[in-house]
Amino acid sequence: MSGTERGTETIERALDTYVARDAAEVADVARLRALLQREDVCDRSTPVHVTGSALVVFPPTRTVLLRWHPRMRMWMQVGGHFDAGETDPWLVAMREAREETGLTDLHAAGATAEPPVQIVIVPVPAHGDEPAHEHADFRYVFVTDTPTAITAESPDARLRWVDLTQAIDETVEENLRVFLSRVEESAAIL
């Protein structure tokens, strides 16, 4: 299987491949496993629902692609919610990354699709009629060979390439800083 192809996985199998690195991640994974037993965590109307996101990297320049999220008012990775019938967080992250960046050549950093780099439950503030809730975010790394081919999906969802070290230094959200730091640590990616 190439880095752009993948058989359908499930949230449970993705959790099984993940190795939590600290007590907070162990707690988030355990909480998510418990939620899986009693509700549809792909349904975005549940107070905690699963999302798939990705950091897009261009290894030759050690740069990462960040997207402006108007609702969160910060630069973040790309990603989003499951669509009806989707069960694989890796495929959700890939679909969302392609939709939000316009990049059609995205692929996993290694020869095959990697397990998540991070699984974290993050708060999402209330917005309009939507109450505050949480995202159980499965985070992956995708590589592009055509960084100049980016196309923002809308004018308010700007995209920018940033040096990885600079991105870590500028990031205000701790869980994103952890994600970026893990990418920096990974010699296989960069």
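**Fold and a buried glutamate**

Of the contacts in the chain with a separation of 6 or more, 68% are between residues 24 or more positions apart. The model is predicted, with an average pLDDT of 90 over the chain and a score of at least 70 for 92% of the residues.

Five helices and eight strands make up the secondary structure of the chain. Read from the N terminus, the order of the elements is α-α-β-β-β-β-α-β-β-β-β-α-α. The chain is as compact as a globular protein of its length, because its radius of gyration of 16 Å is close to the 16 Å that the globule rule gives for 190 residues. Along the principal axes, the C-alpha atoms fill a box of roughly 45 × 40 × 30 Å. Of the 190 residues, 49% are buried. The chain exposes about 9000 Å², of which carbon and sulfur atoms supply 54%.

Confidence can also be followed along the chain.

Glutamate 173 lies in the loop between α4 (164–170) and α5 (174–185). Glutamate 173 is buried, yet has no salt bridge. Its nearest side chain of opposite charge is that of arginine 139, 4.9 Å away, whereas a salt bridge requires a distance within 4 Å. Leaving aside residues up to four places away in sequence, glutamate 173 touches Met74 and Met76.

Note on methods. Residues numbered from 1 in each chain as written. Predicted model: local features only at pLDDT ≥ 70, side-chain atom pairs only at ≥ 80, totals over all residues. Heavy atoms only, no water. Helix = DSSP H or I, 4+ residues; strand = E, 2+ residues; numbered from the N terminus. Buried < 20%, exposed > 50% of the residue type's maximum accessible area, 1.4 Å probe, protein only. Lys, Arg positive; Asp, Glu negative; His and termini not counted. Contact = heavy atoms within 4.5 Å. pLDDT = per-residue confidence, 0-100. Rg over C-alpha atoms; globule rule 2.2 N^0.38 Å. Areas by Shrake-Rupley, 256 points an atom, 1.4 Å probe, with all protein chains shown as cover.
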